[in-house]
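User: I would like to learn how to read features in a structure. Please take them one at a time, with the general idea and then the case at hand.

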Amino acid sequence: MSTRLATQGRLINRDKRLEFTFNGKRLQGYEGDTLAAALLANDQMLVGRSFKYHRPRGILASGSEEPNALVNLGEGARLEPNQRATTTELFHGLTATSQNHFPSLEFDIGEINNSLARFLPAGFYYKTFIHPRFAWKHVFEPFIRQSAGLGKAPKEADADRYEHFYAFVDVLVIGGGVAGLQAARAAGEAGARVLLIEQEPHWGGRAPVDGAVIEGKPAEDWVKDTLQALEAMENVTLRNRMMGAGVYDHGYALGYERVADHIPGSDLPRHRLWRIRAKQIVTATGAIERPLSFAGNDIPGVMLATAVRDYVVNYGVSPGDRTVVVTNNDDAYRTALCLKRAGLDVPMIVDVRPLVTSPLATEALQAGIRVETGKGIAKVKGRKRVTGVALCLQAGEGSVIEEVKCDAVAMSGGFSPVVHLWSHCGGKLIWDEANAHFRPDPARAPTGAQGEAFVVTAGMASGAMTTGEVLADADAAGKAAARAAGFTPRRFAAPKAAEEPSEPMAPVWMMPQGASYDLRMKMWLDFQNDVKVSDVQLAAREGYESVEHTKRYTTLGMATDQGKLSNINGLAVLADALGEDIPQVGTTTFRPPYTPISMGAIAGEARGEIFQPLRRTPIHGWHEAHGAHWEPVGHWRRPYAYPKAGETVEEAVHREVLNTRRRVGLLDASTLGKIVVKGPDAGRFLDMLYTNMMSTLKVGRCRYGLMCNENGFLSDDGVVARIDEDTWLCHTTSGGADRIHQWMEEWLQTEWWDWKVYVANLTEQYAQIAVVGPDARHVLERLGGMDVSKETLPFMGWQEGKLGGFDARVFRISFSGELSYEIAVPASQGLAFWEALMEVGEAYGMQPYGTEALHIMRAEKGFIMIGDETDGTVIPQDLGLHWAISKKKEDYLGKRAQARSFMDNPDRWQLVGLETLDGSVLPDGCYAIGEGTNANGQAEMFGRVTSTYYSPTLGRGIAMGLVHNGPQRMGEVIRFGTPDKSFVEARIVDPVFYDKEGEKQNV
Amino acid sequence: MLILTCPYCGVTGEETEFAAGGEAHLKRFGPGSSDAEFESYLFARKNEKGVTFERWRHANGCGKWFHAARCTVTLEVFGTYKAQVTEPPKEILAAIRKRRPGWEPAA
């Protein structure tokens, strides 16, 4: 069993006990524990279930590479799934639950998958798609969906706060082990601004655990001294609990600081995302120990050898009373010796190497540990916990020589430098034969804007394996980074470390070498996603030669740990199966972030009200005070309707339509785009932008125009007014103002840069109010100051002057078919003008109306709406707008495209009006259904509804839609499918439902 | 995230301050052009691996369009220049050749 030891535990404070719960069980740990250490101290080795086979899973590692110990952490608004117990600092009141099991961790029904493992090999998902066809829908999909996903998604809004930091430094050092500390020191001493970050709460990395001796003192003391020196430097900033998440173009890096994970409920932000610009980046990210592939290597109690040592030394926790150590290198002997010193039993060291005479091996023998060389583990015994191992010859096929009882296995397959951050932005790797790992190739570093290398690795991340090599490499890296950032390094020598003689490791990718299929299908490569040696070999047999394809086919390395432990082992197995060398097969792509970062940190402060700025018209406050029901339009909020007490929104809309049609209504149209186009070539420019002729528009007159993109598709519309000889004012849709302004700038700057034209977006400079209805003129006359008679200001004319004392520009344009004036006043006068209108309008029963009434009235008149009748595939000709397309112009944007054979063709879906036979309202977006089916077995469709409303004016449903050859089919009755799978019959009619002759607007 | 310098206002800024606008130096084909010409103008892009000429706009700055010559493999930026040209200026070509001896623009 795993338990707390009476001695050791350099990171814990035994004077401070902390209470926490795991699956509801109340447990105790110490301040300084990780959740994993505290669970082990309470003999909770079983912590979860694997993804596919629901195999029992125990704690495997002691750091961020942990694939198994993932828990749901916290509750309610602070619940977060997939948190690694190995990097979760224990705090008082922590609650954790295990994942991926039903009904309980100890007894899990899903474990039946384990018995079916033979039938769920690599790529079985993909195979289920194909054979047999019917099975996917009825058998496999429901089953896979039910079992998919680790952990539980939180249901409440996140209670915590997050923020972003920006930092600009000369040298960013990622990793606070001895290498990072030395690199930071060397760069700091050169005078560079240095930011040193470390993902753990403590500094120094592995060296103090491993008993390294630096400059004649224990590593622990050297770390303390160096930290002190760094803290004394004004140009050096240190941050722990902060991970280097990613390295990006031109020295950009993301840091993920877990500010308050260990003190929940404090007023600190929980996480900070640091957006760092560094001239140079030093990655001192260390190395990760690799598991060994032997049968049963996933049974709880099998752990990485360094992790076993970490738990003993750092937390005073022993993973087992009797631990068998299995290794292909010298380092694991340190674990054996460490356990022995702690008074625990090490029945055997199993070393695959035939002969080992290194000092560490001698020390182990002197300590009375039995060392079996040339041997391997044939099989681990046990199910939810290791009970023993079976010994075999590494060179053989797995015949059992002897069984050894134990309750833990410490394995070491060698070390892989953490090359992720080096690789994120293009750093390349080379294969190191001696250490059987990929390490950064300093000659092919990530490059910056001038082609210069901007990342340098330090210590084990470079492939250095002893403390002395690590320090020398880190010192050189720190100096090189400072030099590249423009500083002169000091001539201090790198610190010296006590020698650590060792024997070369022996690469072992399978144990034993000739293992049978039965053994290979129990050798785990990816512990979280359940990928085994046999799966990768199957993928190779089925023709997956690329490591990237094999990854996706087998899901190797696709779990939340992104294959930190599994990738190298997996690709070695693949290389062997393909008969190729490992460097030829290569690695999969390393992508940021290094470990998952919270969505909250990514969002930072951008949530709630400040997620997106809200644009408000000058009259916004009035609308709010008068009970507006809002509709979002671009970044604006517009009143959808103004419901009165006791009125539904729909009733309000109908009242607003009828009141406007019968009397007079008022609309806040301030969001309408207003772009002024000015200059000697302005007319010529607008002739290119609009499909119709704008250069011939007379001063004082307005014209409706259409704009297309170069694909010929309709992109915006609006009324253009000619202000003077070289000035036009272009109205755009509310959502399109910024886009159209940019569109104009783009053409002027990049195509017709010699044309003398200026454009300016004046949208927010003016409030614009539409006074609409039979009494509109009376209202304005009541306001006084300007002659707004038919003779002076005819339909499609505009004029400027004082209206009721306001500086007004009055346009006689109509989007409702009624007598209508749109009046622009300076934004600062907008609210006062609106209120003045409301006051004089009272005598005429004037009421404000919202966007829905506007939509209904335009639909009654058959006016199109960009975004309803258009969707980026519709040309003006489809909408019967030929009259707005100039035949005389040689060119306009979109003209060439509209001449393409499939555009210049009447055989298209075209705009018509639709009237249901029963007067009902057609569902929005529904399709006209024809006879028979298409090539895909779907119902034939030949049209769709683009706008559909109940018309209070006509007392029935009206709609517009695009129908195949529609205008030639007037009077035909067609049927539309509805969401409840019934049909509605509708007659094709003219899209103008109301006042076809346009008499009402022209009075 | 790239760092670029706007040749109009002189500001050196993060990529988020700019908006990418696709391949530079396209020739517009309008009415009268052949289907093949129009297709190549509208759809065919070089998408080169290596030296590339791109349009950028200083969207959260002075609003001007400009061009950047850069390498899509190494992320080197050879230079930025104003958009009112139909081909890369000589000094930009010289800057590219200095770091890519023998480089010739693709046809």
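User: Which residues are buried in α16(A)?

Analyst: Buried means under 20% relative accessible area, exposed over 50%, and partly exposed in between, with a 1.4 Å probe and protein chains only. In this predicted model, the buried residues of α16(A) are A:Asn567, A:Ile568, A:Asn569, A:Gly570, A:Leu571, A:Ala572, A:Val573, A:Leu574 and A:Ala575. That is nine of twelve residues, and the helix is mostly covered.

User: What covers the buried residues of α16(A)?

Analyst: Helices (H or I, at least four residues) and strands (E, at least two) are DSSP runs, numbered from the N terminus. The cover includes the strands β27 (415–417), β29 (437–440) and β31 (524–526) of chain A, and the helices α14 (533–541), α15 (547–554) and α17 (582–585) of chain A.

User: What span is expected for α16(A), and what does it reach?

Analyst: The expected span is 1.5 Å times one less than the number of residues. Helix α16 (residues 567–578) of chain A reaches 16 Å from its first C-alpha to its last, close to the 16 Å expected. Just after α16(A), A:Gly579 has a positive phi of about 70 degrees.

User: How do α5(A) and α12(A) cross?

Analyst: Axes are lines fitted to C-alpha atoms, for helices over the stretch in contact, and angles run from 0 to 180 degrees between N-to-C directions. The axes of α5 (residues 178–189) and α12 (residues 467–484), both of chain A, come within 7 Å and cross at roughly 35 degrees. Contact means heavy atoms within 4.5 Å. Among the residues making this contact are A:Ala183 and A:Ala186 of α5(A) and A:Leu471 and A:Ala474 of α12(A). Counting Ala, Val, Leu, Ile, Met, Phe, Trp, Tyr, Cys and Pro as nonpolar, Asp, Glu, Lys and Arg as charged, and the others, Gly among them, as polar, the contact has nine nonpolar, two polar and two charged residues.

User: Which residues have the most contacts inside the largest nonpolar core?

Analyst: A nonpolar core is a set of buried Ala, Val, Leu, Ile, Met, Phe, Trp, Tyr and Cys residues joined through side-chain atoms within 4.5 Å. The largest has 97 residues, and A:Leu35, A:Phe294 and A:Tyr311 have the most contacts inside it. Another core, of 57 residues, lies apart from it and includes A:Ala572 and A:Val585.

User: What are the conventions?

Analyst: Residues are numbered from 1 along each chain as its sequence is written, and chains are lettered from A and ligands numbered from 1 in the order in which they are written. Local features need pLDDT of at least 70, side-chain atom pairs count only at pLDDT 80 or more, and totals for chains, interfaces and linings use all residues, while side-chain values use heavy atoms, with hydrogens and water left out.
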